[in-house]
There are 4 protein chains.
Amino acid sequence: MWQDKLQEECGVFGVYNNNEFDTSRMVYYGLFALQHRGQESAGIAVNNNGTIVYRKEMGMVADIFDDNVLDYLNGHSGIGHVRYSTTGSSLVENAQPLVIKYTKGHMALAHNGNLTNADTLRKELEAKGTIFQTTTDSEVIAALLSRARIKYNSIEEALVEVMSIIKGAYALVIMTPHKLIAARDPFGMRPLVMGKKEDSFVFSSESCAFDALGVDLVRDVDPGEIIVISKEKGLESIQTNKKKQSAMCSFEYIYFARPDSVIESLEVYEARFRAGKVLFEEHPVEADVIVGVPDSGLGAAHGFAAASGIPLVDGFMKNRYVGRTFIAPSQGLRELAVHLKLNPIRSQINGKRVIMIDDSIVRGTTSRRIVNLLREAGATEVHVRVSSPPVKYSCYFGIDTPERENLIASTHSLDEIRDLICADSVGYISREGLLSTFKGAGCEFCTGCFTGNYPVEIVDEEAKGCQ
Amino acid sequence: MWQDKLQEECGVFGVYNNNEFDTSRMVYYGLFALQHRGQESAGIAVNNNGTIVYRKEMGMVADIFDDNVLDYLNGHSGIGHVRYSTTGSSLVENAQPLVIKYTKGHMALAHNGNLTNADTLRKELEAKGTIFQTTTDSEVIAALLSRARIKYNSIEEALVEVMSIIKGAYALVIMTPHKLIAARDPFGMRPLVMGKKEDSFVFSSESCAFDALGVDLVRDVDPGEIIVISKEKGLESIQTNKKKQSAMCSFEYIYFARPDSVIESLEVYEARFRAGKVLFEEHPVEADVIVGVPDSGLGAAHGFAAASGIPLVDGFMKNRYVGRTFIAPSQGLRELAVHLKLNPIRSQINGKRVIMIDDSIVRGTTSRRIVNLLREAGATEVHVRVSSPPVKYSCYFGIDTPERENLIASTHSLDEIRDLICADSVGYISREGLLSTFKGAGCEFCTGCFTGNYPVEIVDEEAKGCQ
Amino acid sequence: MWQDKLQEECGVFGVYNNNEFDTSRMVYYGLFALQHRGQESAGIAVNNNGTIVYRKEMGMVADIFDDNVLDYLNGHSGIGHVRYSTTGSSLVENAQPLVIKYTKGHMALAHNGNLTNADTLRKELEAKGTIFQTTTDSEVIAALLSRARIKYNSIEEALVEVMSIIKGAYALVIMTPHKLIAARDPFGMRPLVMGKKEDSFVFSSESCAFDALGVDLVRDVDPGEIIVISKEKGLESIQTNKKKQSAMCSFEYIYFARPDSVIESLEVYEARFRAGKVLFEEHPVEADVIVGVPDSGLGAAHGFAAASGIPLVDGFMKNRYVGRTFIAPSQGLRELAVHLKLNPIRSQINGKRVIMIDDSIVRGTTSRRIVNLLREAGATEVHVRVSSPPVKYSCYFGIDTPERENLIASTHSLDEIRDLICADSVGYISREGLLSTFKGAGCEFCTGCFTGNYPVEIVDEEAKGCQ
Amino acid sequence: MWQDKLQEECGVFGVYNNNEFDTSRMVYYGLFALQHRGQESAGIAVNNNGTIVYRKEMGMVADIFDDNVLDYLNGHSGIGHVRYSTTGSSLVENAQPLVIKYTKGHMALAHNGNLTNADTLRKELEAKGTIFQTTTDSEVIAALLSRARIKYNSIEEALVEVMSIIKGAYALVIMTPHKLIAARDPFGMRPLVMGKKEDSFVFSSESCAFDALGVDLVRDVDPGEIIVISKEKGLESIQTNKKKQSAMCSFEYIYFARPDSVIESLEVYEARFRAGKVLFEEHPVEADVIVGVPDSGLGAAHGFAAASGIPLVDGFMKNRYVGRTFIAPSQGLRELAVHLKLNPIRSQINGKRVIMIDDSIVRGTTSRRIVNLLREAGATEVHVRVSSPPVKYSCYFGIDTPERENLIASTHSLDEIRDLICADSVGYISREGLLSTFKGAGCEFCTGCFTGNYPVEIVDEEAKGCQ
């Protein structure tokens with residue numbers, strides 16, 4: 001277990017190219033910027049005059065595509081996907097985009113999120129004779145879309161119906177012979193932004209993918225909104241049943257999204273920085289230095305330092321080559337192996353009272369190891385401050401969370417957690433404190449993993465994790 | 001163009017293991033023996049207590065599977081497939097077996113043949129909302145099966161209905177959570193044999209796959225027959241609408257099947273040997289030596305030699321490494337490059353009048369090159385004898401034939417052919433002569449590629465070649 | 001050009017295992033920690049009772065070795081190497097360790113550094129009939145060692161002679177059937193440390209490799225010292241002609257070494273932090289925020305912040321997947337592509353006067369891009385501070401430097417540099433300031449790339465860069 | 001053990017291109033035609049104006065090289081090599097050509113054969129300080145050449161000296177900045193032929209490589225001859241100490257060489273055909289059919305048929321995909337697995353008295369299996385006839401032979417052999433009979449593996465098999 005983090009499960013990207021831009025390379029660089037949202041498989045599909053050509057494989061974006069493949073993926077529109085998944089479904093068959101042939105020609109879909117009634121819908125469809133070749137929600141959506149399309153005159157009308165049937169979180173990009181479509185679930189749980197470059201339209205899970213492409217961020221796709229791009233009509237927007245209260249995933253700001261991304265008009269880094277300030281206000285402590293756990297704790301550590309006046313130091317060297325597949329250390333070396341990933345910088349720690357800032361504690365195992373690293377490096381006290389509230393409940397909306405019994409905050413008191421992770425004190429940001437860091441964001445938030453109160457009905461209890 | 005042959009398009013294999021045999025390795029060696037029926041992709045699926053695990057990839061059997069994969073493919077029943085296809089659909093998505101989830105759990109299908117109404121059926125299914133992810137007939141069959149299964153109590157009843165809908169040639173093996181099913185089209189156009197090893201049942205496109213496994217050949221699956229193997233009932237047979245006249249593909253005996261296979265109780269080699277005898281009777285010629293074009297012309301060459309008394313010699317050395325992907329020779333070397341594949345053995349040819357025996361002439365280009373090889377090696381005359389009648393019509397039943405305008409016999413007279421291939425004389429076996437070589441086979445034959453008279457209605461004109 | 005940095009060219013590692021540790025995995029994790037010293041090729045050789053088995057390949061440590069290979073590399077001692085090289089010699093033949101057979105059996109060598117008289121020595125050896133199969137200095141050393149070994153009773157005596165012949169920088173580990181040997185050049189230009197774990201001896205280019213293995217740092221190998229480990233005699237040290245003044249490469253502290261490494265008793269991070277302080281003292285400037293260029297400018301940025309009281313902010317998001325092979329952006333996207341690597345965090349920059357801290361400016365191209373990133377993100381002023389003096393001269397001792405005409409500081413005045421990189425001001429640390437940051441290190445320093453005064457005679461003018 | 005044959009160990013090829021031919025592709029196709037002489041590794045080196053660029057890897061010719069590599073291997077001369085080796089030295093380091101730098105620039109060598117005093121020479125060279133990086137004889141030759149070159153004015157004079165030192169079998173091609181050199185050992189034990197295409201010179205182990213390139217076979221390189229091709233002087237020949245009696249390897253005609261090759265003016269196939277005739281004369285037997293074991297027994301089978309009047313039939317179907325790496329059959333299937341390679345064609349065997357012709361019996365295990373295949377297929381008698389005398393002694397000249405105790409003829413009487421291989425009778429061709437089949441060849445022959453009398457002194461007893 002190299003990493004004790006919740007896992008984002010997908011990133012999506014789409015281009016409708018009205019200029020002479022290189023479609024496949026735009027998608028490629030877009031996916032490269034979204035790589036943090038999924039490292040297990042990646043795919044690009046382009047629309048070459050109604051025929052969809054595509055390539056999807058297990059692995060990282062930079063390893064799958066080369067110039068030959070990108071030259072082959074020639075088209076005026078294109079979509080892409082990066083995916084992480086739980087072990088069980090790590091099959092190339094589940095890689096996206098899903099490319100299908102239906103009554104109106106070829107179609108490709110890419111999906112980030114998780115349907116909470118997918119199993120029920122699958123069983124209903126199977127009972128009508130539908131066959132499934134993957135375990136992805138995309139295939140459920142495609143099967144529903146294809147059936148709905150028979151009744152309606154356009155794919156977008158069909159999508160309106162499908163969105164009234166599916167429940168849960170989704171950010172979708174869909175490519176048909178003549179259109180590029182983006183849509184978000186009625187609660188807007190997963191991010192999806194729209195940009196423009198000259199006359200071309202671009203959609204992405206995060207705005208960080210726009211910067212390298214010179215794409216201007218226009219706005220977020222609204223909760224429940226369907227945006228259709230076509231040659232004839234340019235951009236059209238359809239607003240389906242938007243909820244009164246939206247419910248953007250809090251963890252996008254806390255951990256998943258890249259800090260340089262702007263989601264719902266709020267820069268992610270700014271929210272993290274503010275969380276550090278709030279943490280100091282809620283859980284002040286006397287200490288000599290502040291250390292952020294790289295990389296996810298650094299933003300809040302800066303905020304904590306600014307608010308407290310305690311100096312922020314570089315406490316750890318992170319091995320930048322960790323992340324590649326890596327031989328698991330044999331028994332004798334396992335405990336030491338955390339040093340392979342993070343090694344303390346002794347001069348900054350030795351003899352100091354340390355405040356260690358991290359974004360979250362999931363199982364607690366890694367936290368204990370890092371606290372111990374600090375102690376070995378000479379820290380006299382270690383005070384852990386966490387920029388998210390205690391994670392006590394599973395996520396049903398596209399985040400891979402461990403079983404509840406493995407969530408340390410679900411099964412232990414604060415004092416127990418402190419002892420288990422060997423800290424002198426531990427302080428979590430409060431839910432209210434967290435929400436205050438989102439000021440300025442044009443949405444409301446899901447805090448289900450902290451409270452167990454989910455915005456959407458959970459139809460299929462097992463609908464957890466990645467589908 | 002290294003080879004000017006018609007191309008078989010698939011081989012199927014299946015095992016229902018009631019013993020302690022190693023299922024995945026049985027399928028592996030079975031596919032290895034069937035490799036000649038398709039070298040583009042291969043796949044194995046096994047049924048592990050109702051869950052189907054599988055691996056399919058582009059490439060040769062020996063390159064795709066290793067011990068780790070075969071250990072992983074653990075199950076009590078298994079099916080496999082080797083595939084060749086026309087360039088257009090050389091996608092890993094089209095590799096078989098097709099593995100699906102439907103209302104009754106997982107199912108895997110492997111198919112050899114070609115449906116003649118697949119496009120029509122696809123359009124009908126699409127009009128009802130079905131999506132397709134491949135261009136294989138297997139997916140059409142699976143979609144129909146899944147829909148039919150709702151109406152009936154068993155998969156075999158559903159298959160009876162599906163077989164009343166689909167038209168064309170097929171040899172199918174289907175694996176469900178509890179059954180292994182084999183079926184042939186009503187005309188029995190593609191071969192499919194059944195064997196037993198102790199209490200276990202085995203199906204294969206050809207019996208040659210049985211020999212290396214110690215499997216006893218029991219019989220051919222009958223035209224229109226469905227054989228169901230299950231734990232509870234052992235073997236059951238359902239006879240659907242068998243035709244009065246069956247129509248086994250003539251080319252299975254002429255070229256596709258391995259000579260050591262026994263199809264419909266007739267050893268393939270024996271039919272080829274007889275064809276040489278008939279050729280001599282129909283087209284005798286004075287000459288010094290007989291040369292068979294390796295490897296497909298050798299059986300008939302032996303028969304011609306036995307009948308004529310003219311000595312059969314080894315006229316060519318065939319490079320046994322041809323067949324691997326190979327850099328196409330640059331312009332200057334192209335004409336010489338036939339020597340890379342076949343090189344004449346001068347001592348056997350020089351100064352001799354040669355009878356050259358081949359199994360077929362398709363485009364004629366390769367024949368001309370081989371005749372010229374013989375002349376360069378000193379042959380004073382070259383008389384070409386062909387153990388199939390002139391190929392004038394396309395096949396719609398699973399064989400990849402060139403467009404009619406590229407079939408030399410479709411557009412040229414016998415004299416023109418002789419001149420085009422630079423021969424001194426050319427003689428084809430007659431249709432009647434060919435049919436006489438099949439004596440003892442328990443079936444009738446399709447000779448559509450010679451006559452244009454097909455046993456089955458061709459619904460979709462474009463339904464040619466590999467689907 | 002994704003990176004405008006000087007390039008380290010090698011890392012070495014060695015284990016003499018007197019315990020039951022897993023030799024090959026110790027080397028593997030050691031190399032993994034040294035990966036930053038060379039990403040082009042890697043190799044491990046182990047001594048299995050006098051026979052040396054090895055594996056070396058192009059690529060990263062984690063991609064080359066797997067459990068099977070490490071199990072195969074079974075032995076009681078082992079050495080490893082990571083390598084970067086200039087393009088010209090990116091051949092697998094040049095990967096190290098070099099494994100040879102000579103009169104006393106097998107021997108393996110791994111080398112970090114660069115000989116300045118290698119070409120002369122090669123020519124002398126060739127004139128005596130020696131053949132060379134690589135372009136590495138290791139092969140020159142091996143050829144000399146092998147010849148010297150004939151005259152002497154031991155490999156270490158032979159090495160004493162060889163060290164009197166070769167000139168330049170080297171940190172060597174050598175494995176013979178019965179010994180493990182480590183040696184440094186008389187000026188101690190490249191680092192090499194010794195550690196112990198129980199009864200086993202370990203050598204490494206940097207101490208960071210010890211932490212993950214539970215190895216205790218004992219001391220640096222001395223300039224001109226040869227350390228011999230053997231079963232019989234344990235550790236022996238031979239001091240050859242040590243120079244009065246040693247000359248450790250300044251850039252090891254400035255940029256190459258990992259900040260958590262301790263070289264000559266001084267933690268690298270501490271030197272970098274001090275450099276920031278000195279920079280502030282030498283080049284103070286009024287500003288709102290300090291931004292360190294990730295990752296190499298961060299240590300000095302912390303020091304500058306501590307000294308100046310100006311807040312250090314996270315100015316950039318670095319894409320952690322850059323570093324993998326990567327498709328070069330097409331023309332239209334090239335200027336934007338720096339965003340793929342570094343993207344500014346607008347909230348921290350916008351409307352601010354920024355001090356940007358980097359460790360060095362080589363060509364200046366990347367600096368200009370990064371300054372412009374800050375301006376695009378809203379910086380009102382950008383003051384560049386550099387924690388190394390201007391790099392004006394080539395390195396001959398194992399660092400890949402551009403031609404002098406491409407070193408911006410070699411051909412331009414400070415004002416020109418400021419204008420070329422679009423900064424409002426630019427300030428380099430002075431040579432004296434830099435040397436003051438090394439206080440506590442048990443050595444003197446080479447500053448040849450700043451001054452052109454090299455500690456060693458440069459015999460072969462072309463002896464630059466990686467050999 | 002899929003194959004019980006002696007193993008050839010190398011093929012060499014060289015081009016000196018005075019025309020505008022594509023050098024690297026000529027070598028590529030040449031090696032492709034020589035692939036049967038070594039399937040373990042292959043390499044091509046070309047001389048690009050004095051710099052040698054090369055690629056060598058484990059694997060087959062068609063798998064190693066692609067158009068990109070061949071385009072990169074641009075030069076006016078080039079040499080290539082295919083290699084088989086015993087397991088112990090299956091290292092990429094041993095792949096050839098060997099490319100070195102020496103006092104006169106770059107040089108590449110490719111070698112077929114085996115030196116019988118290589119170990120002695122290595123020790124002598126090592127005692128003088130030479131280091132070795134491979135276990136190939138080529139490296140010994142290169143080391144000697146490089147030393148000798150110092151004393152002489154030309155590489156060819158140096159080679160004359162080296163050829164007076166090395167003992168054993170060798171066919172060499174050497175490429176220097178300005179020359180292409182071919183040489184054979186004084187006994188001419190391994191074949192090497194010269195061809196011309198317009199003004200360009202080509203050397204090859206066998207003439208079969210010429211046919212696909214339109215190269216005219218000029219003559220064999222003579223035993224002890226050195227042929228030097230250069231721009232200035234065209235072709236020069238130096239005759240070193242040619243022996244009175246040459247000693248070409250008998251097994252080149254019996255088994256190794258391709259039947260379409262012409263060696264020493266005798267077509268290989270012709271010798272094999274004659275051997276069948278002699279076999280009949282020496283060991284006639286009454287029978288119904290003759291079966292040749294594919295592929296190596298077919299030539300003699302034709303000869304036996306011609307002499308005896310007994311009809312030759314196709315007794316076996318050989319799986320043309322055997323030869324690829326292949327999963328070894330698990331215990332239960334091992335005995336059956338011979339069917340995967342060879343399957344009897346029952347109609348030709350059943351009820352017949354069979355004469356089975358093979359080229360040699362080495363261990364006898366495969367022969368027993370094949371005899372049993374025939375019996376299972378219904379043969380009433382099986383009479384084995386072998387077109388080489390009993391193999392009783394090891395080869396020291398480049399052929400991989402088992403230890404003597406594993407040679408069935410070395411340890412068993414003829415009657416025992418007959419019983420061990422389950423034959424009704426067994427007959428080997430006599431040594432005299434074999435020699436009579438070589439009539440017309442311009443050389444004498446080595447029959448050491450039959451008689452133990454070798455033409456050359458065996459200096460190093462262990463100098464067996466592949467070096």
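**Notes on the salt bridges and interfaces**

1. The side chains of Lys101(C) and Glu126(D) form a salt bridge, with N and O 3.1 Å apart. A salt bridge here is a side-chain nitrogen of Lys or Arg within 4 Å of a carboxyl oxygen of Asp or Glu. Before going on, some housekeeping: this is a predicted model, where local features need pLDDT of at least 70 and side-chain atom pairs count only at pLDDT 80 or more, while totals for chains, interfaces and linings use all residues. Residues are numbered from 1 along each chain as its sequence is written, chains are lettered from A and ligands numbered from 1 in the order in which they are written, and side-chain values use heavy atoms, with hydrogens and water left out.

2. There is another bridge to look at, between Lys101(D) and Glu126(C), at 3.2 Å from N to O. This pair crosses between chains: Lys101(D) sits in strand β5 (residues 98-102) of chain D, and Glu126(C) in helix α4 (residues 118-127) of chain C. Helices (H or I, at least four residues) and strands (E, at least two) are DSSP runs, numbered from the N terminus. Lys101(D) is partly exposed at 27% relative accessible area, whereas Glu126(C) is buried at 4%. The cut-offs are under 20% relative accessible area for buried, over 50% for exposed, and partly exposed in between (1.4 Å probe, protein chains only).

3. How many salt bridges does the rule find across the interface of chain C and chain D? The count there is two. The same interface has nine residue pairs in polar contact, both residues at pLDDT 80 or more. A polar contact is a pair of N or O atoms within 3.5 Å; within protein, one must be able to donate a hydrogen and the other to accept it, and residues adjacent in sequence count only if both atoms are side-chain atoms.

4. On the side of chain C that touches chain D, β6 (98-102), α4 and α5 (137-151) of chain C each supply at least two residues. α5(C) gives the most, with six residues. By class, that side divides into eleven nonpolar, six polar and six charged residues. Ala, Val, Leu, Ile, Met, Phe, Trp, Tyr, Cys and Pro count as nonpolar, Asp, Glu, Lys and Arg as charged, and the others, Gly among them, as polar.

5. As for area, chain C and chain D bury about 2,000 Å² between them, with 48% of it from carbon and sulfur atoms. Glu126(C), Ile131(C) and Gln133(C) account for 31% of what chain C buries against chain D, more than any other three residues. Buried area is the accessible area (1.4 Å probe) that two parts lose on being put together, summed over both. Each chain is represented in the contact: 23 residues from chain C and 23 residues from chain D, where contact means heavy atoms within 4.5 Å.

6. Now chain A against chain C. About 4,900 Å² is buried between them, 60% of it on carbon and sulfur atoms. Helix α1 (residues 23-33) of chain A gives the largest share of the side of chain A that touches chain C, five residues. That side has 29 nonpolar, 13 polar and 14 charged residues.

7. Inside chain A there are two domains to consider, domain 1 (10-243) and domain 2 (263-464), with bounds that come from an automatic or database domain assignment. Their centres, taken over C-alpha atoms, are 32 Å apart. The area buried between domain 1 and domain 2 of chain A is about 1,500 Å², and Asn114(A), Thr116(A) and Met189(A) together give 32% of what the domain 1 side buries. The count between the two domains is one salt bridge. Arg184(A) and Glu264(A) also meet in a salt bridge, at 3.1 Å from N to O.

8. Within chain D, Arg37(D) and Glu206(D) form a salt bridge at 2.7 Å, N to O. Arg37(D) lies in the loop between α1 (23-33) and β2 (41-48), and Glu206(D) in the loop between β10 (200-204) and α7 (208-211), so the pair ties together parts of chain D that are 169 residues apart in sequence. Both Arg37(D) and Glu206(D) are buried.

9. For the overall tally, the rule counts 92 salt bridges over all chains. In chain A, Asp22(A), Arg25(A), Asp67(A) and Asp71(A) are linked in a network of salt bridges.
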